[in-house]
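Dear colleague,

I am passing on the structure below, together with notes on what was found in it. Please read the notes with the coordinates open beside them.

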Amino acid sequence: MTTPPPPEPEPRPGPEPEPEPRPEPQYPGPDQQFPQYPPPPPLPPEAYPTYSGGTGYEYGGYGAPPVRRRNGMGVAALVLGIVGFLIGPCSILAIIVGRIGLNRVARGEATNRGVAQAGFVLGIVTLLLWILGLILLANRN
């Protein structure tokens, strides 16, 4: 017969072992130099907001005011092109004003390319019709 092994002694409650101390942070001494870094490059001028010298009560005070589109020449060319059917010299004005309107669209000052182009083409068509009508009227006599 064999005897059972003796039971292991239970751990006694007591003070827990102390944790390892943390190392102290290292602070530079009064004679130690910090590394010198070069200054950052300057920002480009467009990085700075511009302010319009208003009273301060307007909304959206940053930057320049939005660009107003100048679409009047295109509309005038279209109107002159339509009126050119009745009054012949208006078709010449429609061509001139339509070309100015197309130039403004090309420069980004206007947004109505189709209207200016329609006035320009109507001016050419009405001018050709008036010239053809005058030739036919002259040959009739």
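To begin with charge pairing, the count comes to 1 salt bridge, where a salt bridge is a side-chain nitrogen of Lys or Arg within 4 Å of a carboxyl oxygen of Asp or Glu. Glu109 forms it with Arg107, and the closest N and O atoms are 3.2 Å apart. Of the two partners, Arg107 is exposed at a relative accessible area of 53%, whereas Glu109 is partly exposed at 25%; here buried means under 20% relative accessible area, exposed over 50%, and partly exposed in between, with a 1.4 Å probe and protein chains only.

A word on the basis of these values: this is a predicted model, in which local features need pLDDT of at least 70 and side-chain atom pairs count only at pLDDT 80 or more, while totals for chains, interfaces and linings use all residues. Residues are numbered from 1 along each chain as its sequence is written, and side-chain values use heavy atoms, with hydrogens and water left out.

The protein has 3 helices and 0 strands, and its elements run α-α-α from the N terminus on; helices (H or I, at least four residues) and strands (E, at least two) are DSSP runs, numbered from the N terminus. Buried residues account for 16% of the 141 residues. The accessible surface comes to about 12700 Å², with 65% of it belonging to carbon and sulfur atoms; areas come from the Shrake-Rupley method with a 1.4 Å probe, and for residues only the protein chains shown count as cover. Among contacts (heavy atoms within 4.5 Å) between residues at least 6 apart in sequence, 62% join residues at least 24 apart.

The largest nonpolar core has 5 residues, namely Ala77, Leu80, Cys90, Ala94 and Val97; such a core is a set of buried Ala, Val, Leu, Ile, Met, Phe, Trp, Tyr and Cys residues joined through side-chain atoms within 4.5 Å. Helices α1 and α2 each supply at least two residues of this core, and the largest share, 3 residues, comes from α2. Leaving aside residues up to four places away in sequence, Val97 touches Met73, Ala76, Ala77 and Leu80.

The 19 residues of α2 should span 27 Å at 1.5 Å a residue, and its end C-alpha atoms are 28 Å apart, which agrees; the expected span is 1.5 Å times one less than the number of residues. The buried residues of α2 pack against α1 and α3, and just after α2, Gly108 takes a positive phi of about 85 degrees.

Helix α3 has 28 residues and reaches 40 Å from its first C-alpha to its last, close to the 40 Å expected. Its buried residues are Ala116, Gly119, Phe120, Gly123 and Thr126, and they pack against α1 (72-83) and α2 (89-107). Val115, also in α3, is partly exposed at 31%; its C-alpha atom is separated by 5.4 Å from that of Gly74, 41 residues away along the chain.

Finally, Phe85, Leu86, Ile87, Val121, Val125, Leu129, Leu132 and Leu136 form a nonpolar surface patch with about 760 Å² of accessible area together. Nonpolar patches are made of residues with over 30% relative accessible area and no salt bridge, their side chains (Val, Leu, Ile, Met, Phe, Trp, Tyr) being joined within 5 Å. Leu136, in helix α3, counts as exposed at 54% relative accessibility.

With best wishes

Technical notes. Patches are made of residues with over 30% relative accessible area and no salt bridge: like charges are joined within 9 Å, nonpolar side chains (Val, Leu, Ile, Met, Phe, Trp, Tyr) within 5 Å.
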